[in-house]
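Hello,

Here is the structure you asked to look at. Please open it first, then read the notes below it.

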Amino acid sequence: MICKLIAGNWKMNGTAAAIAEIAAMAAAARTLDHVRVAVCPPATLIDRARVAAGTGPLIVGAQDVHAEPAGAFTGSVSVAMLADAGAKLVIVGHSERRADYGETDPHVRAKAEAVLAAGLIAVVCVGETEAQRDAGATLGVIAEQLAGSMPGMAPSGSGDLAVAYEPVWAIGTGRTPTLDQVAEAHTAIRAVLVARYGEAGAATPILYGGSVKPSNAAALLHVANVDGALVGGASLTAAEFLAIVRAA
């Protein structure tokens with residue numbers, strides 16, 4: 001059985017004052033043994049989040065990374081830098097990075113491989129736009145993104161790789177796909193992972209991301225092949241985020 005993973009993506013939100021929320025999340029995570037909990041604050045807060053998390057099970061992560069280990073990449077951060085700050089998980093290929101910064105599948109794959117090579121957890125995001133959904137192209141888009149974005153090396157099967165399915169049209173809109181639509185997408189992703197990685201693919205968590213909130217978390221998290229959630233705005237406060245965690 002795959003241990004569920006609930007990861008919070010704070011995006012461009014949070015200053016030092018928000019560390020109290022992470023401390024509360026860390027305290028609650030110590031009481032859980034059936035789910036992994038991660039929070040990905042802005043890079044400026046990773047070190048302070050690590051201190052707030054202490055030695056407990058809360059995983060501190062990052063929202064992006066550069067694939068190269070070092071060099072003339074102004075404003076970028078390498079995997080080694082993130083690990084040095086305390087990150088143990090990295091989100092790659094988020095739809096906002098793909099759409100707003102022009103990241104391609106090869107970019108995402110290079111980042112995922114760099115994260116895995118450094119011994120961190122890589123969360124690879126895939127998902128369709130509203131136009132692609134309306135055109136009936138969802139499964140084809142997902143398959144193409146997986147083919148181009150997933151790392152070449154097989155995961156260990158111990159949770160070092162996860163896929164996040166995020167229908168772009170549902171992110172931050174309050175809209176969510178039907179449970180049947182979620183099940184269809186996650187089942188298709190599982191088939192691709194198994195075909196590519198075998199038993200390790202069968203053990204790779206598939207997270208749902210797209211307007212996850214306390215009111216819909218329980219239903220989403222009990223859909224077949226939904227092994228957790230990538231949570232946006234609802235992860236900014238411990239109260240809302242932990243309500244989603246407990247739904248798992």
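**Pockets**

Around the second largest pocket there are 20 lining residues, and Lys 11, Gly 172, Ser 211, Gly 232 and Gly 233 are the ones nearest its centre. Please keep in mind that this is a predicted model. The volume of the second largest pocket is about 260 Å³. By type, its lining consists of seven nonpolar, 10 polar and three charged residues.

The largest pocket holds about 650 Å³ of space. Its lining is made of 24 residues, with Ala 43, Gln 63, Asp 64, Arg 97 and Tyr 101 nearest the centre. Helix α4, residues 95-101, supplies the largest share of that lining, namely four residues. Here the lining divides into 10 nonpolar, eight polar and six charged residues.

**Ser 235**

Ser 235 sits in the loop between β8 and α11. Is Ser 235 buried or exposed? Its relative accessibility is 0%, so Ser 235 counts as buried; the cut-off for buried is under 20%. Its side chain reaches the backbone oxygen of Val 231 at 3.4 Å. Leaving aside residues up to four places away in sequence, Ser 235 touches Gly 8, Asn 9, Trp 10, Met 25 and Phe 241.

**Helix α11**

Phe 241, one of the residues that Ser 235 touches, belongs to helix α11, which covers residues 238-247. Which residues of this helix are buried? They are Ala 238, Phe 241, Leu 242, Ile 244, Val 245 and Ala 247. An α-helix has 3.6 residues a turn, so residues three or four places apart point the same way.

**Nonpolar cores**

The largest nonpolar core contains 68 residues. Within this core, Ile 6, Leu 58 and Ile 189 have the most contacts. Another core, of 14 residues, lies apart from the largest one and includes Leu 5, Ala 7, Ile 59 and Cys 125.

What does Ile 189 touch, not counting residues up to four places away in sequence? Its contacts are Val 126, Ile 142, Leu 146, Val 163, Tyr 165 and Ile 206.

Regards

Terms used:
Residues numbered from 1 in each chain as written. Predicted model: local features only at pLDDT ≥ 70, side-chain atom pairs only at ≥ 80, totals over all residues. Heavy atoms only, no water. Buried < 20%, exposed > 50% of the residue type's maximum accessible area, 1.4 Å probe, protein only. Helix = DSSP H or I, 4+ residues; strand = E, 2+ residues; numbered from the N terminus. Core = buried A, V, L, I, M, F, W, Y, C linked by side-chain atoms within 4.5 Å. Contact = heavy atoms within 4.5 Å. 1 Å grid on protein atoms, 1.4 Å probe; cavity = no way out; pocket = protein on both sides within 12 Å on 5 of 7 lines; lining within 4 Å. Points joined across faces, edges and corners; volume = space filled by probe spheres on them. Nonpolar A, V, L, I, M, F, W, Y, C, P; charged D, E, K, R; others polar. Polar contact = N/O pair within 3.5 Å; in protein donor to acceptor, adjacent residues only side chain to side chain.
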